[in-house]
Amino acid sequence: MRIVVLAGGIGGARFLRGLKQAAPDAEITVVGNTGDDIHLFGLKVCPDLDTVMYTLGGGINEEQGWGRTDESFTVKEELAAYGVGPEWFGLGDRDFATHIVRTQMLAAGYPLSAVTEALCARWQPGVRLLPMSDDRVETHVAIEVDGERRAVHFQEYWVKLRASVDAKAVVPVGAEAAKPAPGVLEAVAEADVILFPPSNPVVSVGTILAVPGIREAVAAAGAPVVGLSPIVGDAPVRGMADKVLAAVGVESTAAAVALHYGTGLLDGWLVDTVDAGAVADVEAAGIPCRAVPLMMTDADATAAMARAALALAEEVRG
Ligand code: GDP
Ligand code: CA
């Protein structure tokens with residue numbers, strides 16, 4: 001079975017671990033979000049790709065959900081001693097090596113997809129990890145400070161400001177001119193199942209779908225498309241997804257996110273059991289929906305979520 005997953009960082013990566021356990025023989029292709037990418041200290045950092053790679057490759061800081069395990073911060077401290085920031089973005093010594101290798105390969109002319117493959121040769125994530133695009137896309141967030149509107153990089157909004165001010169708009173800068181990375185459209189077209197993990201619907205899955213051709217390919221795919229809600233009990237399970245959902249006029253409920261994706265994309269939707277009341281609303285909109293536990297508390301609970309998604313995909317397969 002060929003499964004394609006459109007993934008952001010932590011939510012996507014943790015779900016993928018459960019999916020691998022639930023479907024050990026499946027050929028899994030991950031289309032990763034690169035809208036969160038940022039250049040720091042002259043280095044190209046791809047937080048979502050790395051979170052997937054480290055999580056599936058056994059190198060992730062489990063408690064944090066991002067960054068390397070057994071990390072130290074000597075380089076960051078030395079940079080700070082020179083007064084060189086930003087200090088709000090946590091880059092550890094081990095993590096730095098990844099960004100150095102990536103930047104060096106990019107400078108030598110390799111596209112990001114080839115660089116990602118090379119990095120994965122070390123980590124052996126057990127999935128084919130593709131960036132959504134080899135072209136530069138950077139998510140910016142429009143905010144208003146003291147009555148003045150300005151745009152900040154997504155990481156500045158998320159990590160530095162902790163989404164403490166309202167997002168007025170979310171713009172994947174460069175997306176309109178970006179091309180899907182090699183293999184992305186083929187994987188979507190040839191998939192037996194397409195899954196939207198409980199990743200951020202706006203700045204993770206939404207950004208991937210903003211690359212021209214990807215949304216169209218998912219909508220046209222022969223495979224059933226099933227999503228899992230990142231919103232449980234009317235709030236994000238972790239993080240501040242409610243802030244960016246509000247920016248696109250979507251309520252932070254499991255049903256509203258399903259309707260945001262809509263029948264044009266979704267053939268099935270899973271909500272948590274606490275949101276069982278939303279099932280009827282989602283189905284009334286034409287999207288088959290089931291309520292199952294959706295908290296990724298451990299590997300078995302996550303694998304059960306993946307099995308439920310695959311079961312719904314079989315049920316709705318046309
Ligand atoms: P990011 O790039 O690291 O922000 O990660 P993603 O976009 O992949 O996922 C973030 C989303 O995952 C957030 O909106 C969370 O609500 C959601 N999430 C995190 N843990 C869980 C969980 O255990 N269950 C569900 N249903 N959603 C989760
Ligand atoms: Ca992310």
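Predicted model: local features only at pLDDT ≥ 70, side-chain atom pairs only at ≥ 80, totals over all residues.

Mentor: Start with the largest nonpolar core: it has 57 residues, and the ones that touch the most other members are Phe-196 and Trp-269. Helix H11 (residues 254-261) gives this core its largest share, six residues. Nonpolar side chains in soluble globular proteins tend to be buried together.

Now zoom in on Phe-196. Setting aside neighbours within four places in sequence, its contacts include Leu-6, Val-205, Leu-209 and Val-218, then the run Val-225, Val-226, Gly-227 and Leu-228, and also Tyr-261, Leu-265 and Leu-266. There's also a second, separate core of 40 residues, with Leu-19, Ile-60, Val-226 and Leu-312 among them.

E9 (residues 193-196) pairs with E10 (residues 225-228) in the parallel sense, over three bridges. Within that pairing, Leu-195 stands opposite Val-226 of E10.

Step back and you'll find both strands in an open sheet of seven, ordered E5-E2-E1-E9-E10-E13-E14 with parallel pairing. Strands E5 (128-131) and E14 (289-291) have a single partner strand each, so one side of each is left without a neighbour in the sheet. From one strand to the next, the twist averages 20°. Helix H2 (residues 47-57) packs on this sheet, where H2 touches strand E2 (27-32) and E5, and its direction makes about 175° with that of E5.

Key:
Residues numbered from 1 in each chain as written. Chains lettered and ligands numbered in written order. Heavy atoms only, no water. Pairing = 2+ DSSP bridges. Helix = DSSP H or I, 4+ residues; strand = E, 2+ residues; numbered from the N terminus. Axes fitted to C-alpha atoms, helices over the stretch in contact; angles between N-to-C directions. Contact = heavy atoms within 4.5 Å. Core = buried A, V, L, I, M, F, W, Y, C linked by side-chain atoms within 4.5 Å. Buried < 20%, exposed > 50% of the residue type's maximum accessible area, 1.4 Å probe, protein only.
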